[in-house]
Amino acid sequence: ITSREDGVFIVDALDPSRPVLLCHYDPIEVATGMAVSGKVMFVACRSHGVELVDVSDPSKPLHLSTVRTGEAQSVAVRNGFAYVGVWGTSELVVADVRNARQPRITAKLPLDGYGDGVAVRGRYVYVATGHHSRTRNSSSPKPGDPGYGHGHGLEIYTITDPGKPTFVSRIKSPPFYRIGNDMWGVKLAGDHAFVHDTHNGIFVVNV
């Protein structure tokens, strides 16, 4: 399953040498990220939040519900909870999605940067951030303002209580800002987090 601006495409890859396009699903808005857990697909839909879609029949996806998280960029799902990197309000938003037809938000945690890529492993959730930090003077800071371009980095939360994560730590990467370059993500392998930060490059963090 892949997501892009013109929707979500579901591909049968049972035989990798002969992939078959099963369907095209048009979500409620621009698809900026996605995850699949069980028979439910979670589509981050930019300013409208996260759309939950029944994919028990992959050729006929069915809309289930929408959880209004804010400007969702990425989503990760673990044990019935969705963890969403929210851009405009600089937050990690958590939703209980065990009832896929009635998801509900259980926590909103402030990030020191615009939220984007999210990864979950073990007892922790990792969030990649960028652009401006919370110390900015306004929603449109200018060069030289406090926090301008200082929102880049990685934040880690514990999910001992999966619905209410607790802040553990953060690490910052170099300040940078250029509008239109706002894609930050994190992948986990072994003892390391690999964070991609557009123009800043890739950072490897020992976690």
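Student: How far apart are the mean positions of the positive and negative charges in the protein chain?
Tutor: In this predicted model, the mean positions of the 21 positive and 20 negative charges of the protein chain are 5 Å apart.

Student: And what about the surface, how much of that belongs to carbon and sulfur atoms?
Tutor: Carbon and sulfur atoms make up 52% of the accessible surface of the protein chain, which comes to about 10,200 Å² in total.

Student: Ok, switching to the fold: how many helices and strands are there?
Tutor: The protein chain has 18 strands and zero helices. Among its contacts with a separation of 6 or more, 42% are between residues 24 or more positions apart.

Student: Why would one say that its radius of gyration agrees with a compact globule?
Tutor: A compact globule of 207 residues would have a radius of gyration near 17 Å, and the protein chain has 17 Å, so the two agree. Taken along the principal axes, the box filled by the C-alpha atoms is roughly 50 × 35 × 35 Å, and 46% of the 207 residues count as buried.

Student: Which residues have the most contacts inside the largest nonpolar core?
Tutor: That core has 17 residues, and those with the most contacts inside it are V40, F42, V50, L52, V75, V84 and V97. The elements that give two or more residues to this core are β5 (40-44), β6 (50-54), β7 (62-67), β8 (72-78), β9 (81-86) and β10 (91-96).

Student: Where does V67 lie, and is V67 buried or exposed?
Tutor: V67 lies in strand β7, and because its relative accessibility is 6%, V67 counts as buried. Leaving aside neighbours within four places in sequence, V67 is in contact with H48, G49, V50, L52, A95, P103 and I105. As for V53, which is 14 residues from V67 in sequence, the C-alpha to C-alpha distance between the two is 12 Å.

Student: Now loops: where is V55, and is V55 buried or exposed?
Tutor: V55 lies in the loop between β6 and β7, and V55 is buried, since its relative accessible area is 10% and the cut-off for buried is under 20%. Once neighbours within four places in sequence are left aside, the contacts of V55 are with I10, K39, V40, M41 and P61.

Student: Last two: where are N99 and K108?
Tutor: N99 is in the loop between β10 and β11 (104-110), whereas K108 is in strand β11. N99 counts as partly exposed at 39% relative accessibility, and K108 is partly exposed with a relative accessible area of 48%.

Student: Which residues is K108 in contact with?
Tutor: Leaving aside neighbours within four places in sequence, K108 is in contact with E91, L92 and V93. The C-alpha atoms of K108 and V86 are separated by 9.6 Å, and these residues are 22 apart along the chain. For N99, the C-alpha to C-alpha distance to V30, which is 69 residues away in sequence, is 24 Å.

Notes: Residues numbered from 1 in each chain as written. Predicted model: local features only at pLDDT ≥ 70, side-chain atom pairs only at ≥ 80, totals over all residues. Heavy atoms only, no water. Helix = DSSP H or I, 4+ residues; strand = E, 2+ residues; numbered from the N terminus. Rg over C-alpha atoms; globule rule 2.2 N^0.38 Å. Buried < 20%, exposed > 50% of the residue type's maximum accessible area, 1.4 Å probe, protein only. Contact = heavy atoms within 4.5 Å. Areas by Shrake-Rupley, 256 points an atom, 1.4 Å probe, with all protein chains shown as cover. Lys, Arg positive; Asp, Glu negative; His and termini not counted. Charge placed at Lys NZ, Arg CZ, Asp CG, Glu CD. Core = buried A, V, L, I, M, F, W, Y, C linked by side-chain atoms within 4.5 Å.
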